[in-house]
Amino acid sequence: MSGQSITDRITAAQHSVTGSAVAKTVCKATTHEIMGPKKKHLDYLIHCTNEMNVNIPQLADTLFERTASTSWVVVFKSLTATHHTMVYGNERFIQYMASRNTLFNLSNFLDKSGLQGYDMSTFIRRYSRYLNEKAVSYRQVAFDFTKVKRGADGVMRTMNTEKLLKTIPIIQNQMDALLDFNVNANELTNGVINASFMLLFKDSIRLFAAYNEGIINLLEKYFDMKKTQCKEGLDIYKKFLTRMTRISEFLKVAEQVGIDRGDIPDLSQAPSSLLDALEQHLASLEGKKVKDSTAASRASTLSNAVSSLANTGISFTKVDEREKQAALEEEQARLKALKEQRLKELQKGPSSSATTAASPVSMDGGTINTAPAIDLLSTPSFANSTSKAASDLLDLQPVFQQQALPISTGLPTANTWGGFSASPTPQPQTARGLNVDFDSVFGNNVDSAVASLPGQGQIPSGQQPGKLVSDDLDSSLANLVGNLGIGNGVAKK
């Protein structure tokens, strides 16, 4: 089975239609592909836990619904996505997990679809038990042991005796559930179980570091405890030695599957003489006869034990800090890549041909047009009117040029001043034109413009310049009709 199944695609499409981005991401993170959940989907789920407008119960319930599948791949990846969100997501998520009445109910899960399904079903049952125990531990102590402050002033080192004796068994139960995963190197055969093993490996380091600091605090207070407290403390310490052996075996498996040796902490065993000293102190409190031991020898034994356990704690802390540094470097590399991508986008900039309407210059082919701006409100000049046809009001806009007719129609064209100019075909002027005293209306500059127009610069014989024709308006119109008739006759020829 490889690649997304038809069911995966249909489910993702349904969530796309309904507009549920969280449900769609959960579906894509828990497909039937035999590989771990993709990082981009897990990062999105973590981002969702930090958003106040995201419904955390809905997110958790969606992950729980995916565990109802009969496919071991989908169920295993759902558990892995849940675990990843509990570790790296906002604390609101694990708080909701701890408040649920029911958690993962996979104690009888079995995928009978194939031999691999039988093998992986065993680890699914163990894994779900650990996640349940992790949520229950948070419910009991109101914090996550893998995230508590460590060191001399840490949570486990500063806890009082009564609370310490109640808290350490909770850590032991969670550690037992983790170590019960009990996987061998030759069983880590696919990306799904490998992804879950890496999360368990990181949890084991942090959880055992908190466990180790609790034991150091217990040993420092042991010789000042009451008899019942010493009995409980001795039992806790014996269990701690057993779990130290098991965690060593678990870390050996991590080394066998290729985890760097520097990421695996060194475990230092406490001297065996410490156990004898603890048992003798309890026996003395119970009134039994024991061999005499000086306070100096007990103090020396206790000091050696605490020192060895402190070295173990330092080793765990170094591993944790190395992981934090690696995560920080990865985040810085990601930010650098985003910054470089943004700079490239800014360098490209807008298109070179794009200009604004208010700009007085324009870009054309990467060059700047330095032509002077035209004052649309200025008076048009008639100095170069001889090189043009009639100059009209449209000449005020420089982009509008007078266009010549593509063909000769033989019809006279009207000019701006009310007269008619002949078509490009020369026509004889047999009729008298209409003369108007333009000087009295427009000024002296009009004479040159009117004189340059065909048919307008000629004054008929017997007519005084600067005066109107002697005939009335009817004779002028008849004159005009005669001109039009002559033009049509020439066009027909």
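1. Let's start with the charges: a search of the whole structure turns up 14 salt bridges. Here a salt bridge is a side-chain nitrogen of Lys or Arg within 4 Å of a carboxyl oxygen of Asp or Glu. As background, side chains of opposite charge can pair when their charged atoms come close.

2. A word on the ground rules before we go on. This is a predicted model, in which local features need pLDDT of at least 70 and side-chain atom pairs count only at pLDDT 80 or more, while totals for chains, interfaces and linings use all residues. Residues are numbered from 1 along each chain as its sequence is written, and side-chain values use heavy atoms, with hydrogens and water left out.

3. Helices here are DSSP runs (H or I, at least four residues), numbered from the N terminus. Are these two partners buried or exposed? D176 counts as buried at 16% relative accessibility, and R243 counts as buried at 10%. The cut-offs are these: buried means under 20% relative accessible area, exposed over 50%, and partly exposed in between (1.4 Å probe, protein chains only).

4. Two other salt bridges have partly exposed partners. D153 and K149 meet through their side chains at 3.0 Å, N to O; D153 has a relative accessible area of 49% and is partly exposed, and K149 is partly exposed at 47%. E255 pairs with R261, the closest N and O atoms being 3.6 Å apart. Here E255 is partly exposed with a relative accessible area of 40%, and R261 is partly exposed with 42%. Salt bridges that share partners also join R129, D180 and R246 into one network.

5. Now for the rings. Rings of Phe, Tyr and Trp (its six-membered ring) pair if their centres lie within 6.5 Å; planes under 30 degrees apart count as stacked, over 60 as edge-to-face and the rest as tilted. By this rule the count comes to 11 aromatic pairs. One of them is F64 with F104, a stacked pair at 4.3 Å centre to centre with 15 degrees between the planes. Why does this pair tie together parts that are 40 residues apart in sequence? Because F64 lies in helix α4 (residues 56-66), whereas F104 lies in the loop between α6 (91-99) and α7 (115-141). F64 is buried, with a relative accessible area of 11%, and F104 is buried too, with 7%.

6. R100 lies over the face of F64, at 3.9 Å from the ring centre. The rule for this is that NZ of Lys or CZ of Arg is within 6 Å of the ring centre and within 35 degrees of the ring normal.

7. F143 and F145 form an edge-to-face pair, 5.3 Å centre to centre with 80 degrees between the planes, and both residues are buried. Elsewhere, ring pairs link F76, F123, Y127 and F181 into a cluster.

8. F143 and F145 come up again around S137. S137 is found in helix α7 and counts as buried, at 1% relative accessibility. Which residues does S137 touch, not counting residues up to four places away in sequence? They are A142, F143, F145, I170 and Q174, where contact means heavy atoms within 4.5 Å.

9. A142 has a positive phi of about 65 degrees although it is not a glycine. For comparison, most residues other than glycine have a negative phi. A142 lies in the loop between α7 and α8 and counts as exposed at 53% relative accessibility. N182 also has a positive phi, near 50 degrees, and is a residue other than glycine; N182 is found in the loop between α8 and α9 (191-222).

10. Last, the cysteines. How many disulfides does the structure hold? The number is zero, with a disulfide taken as a pair of cysteine sulfur atoms within 2.5 Å. C27 counts as buried at 2% relative accessibility, and C48 is buried with a relative accessible area of 3%.

Methods: Helices (H or I, at least four residues) and strands (E, at least two) are DSSP runs, numbered from the N terminus.
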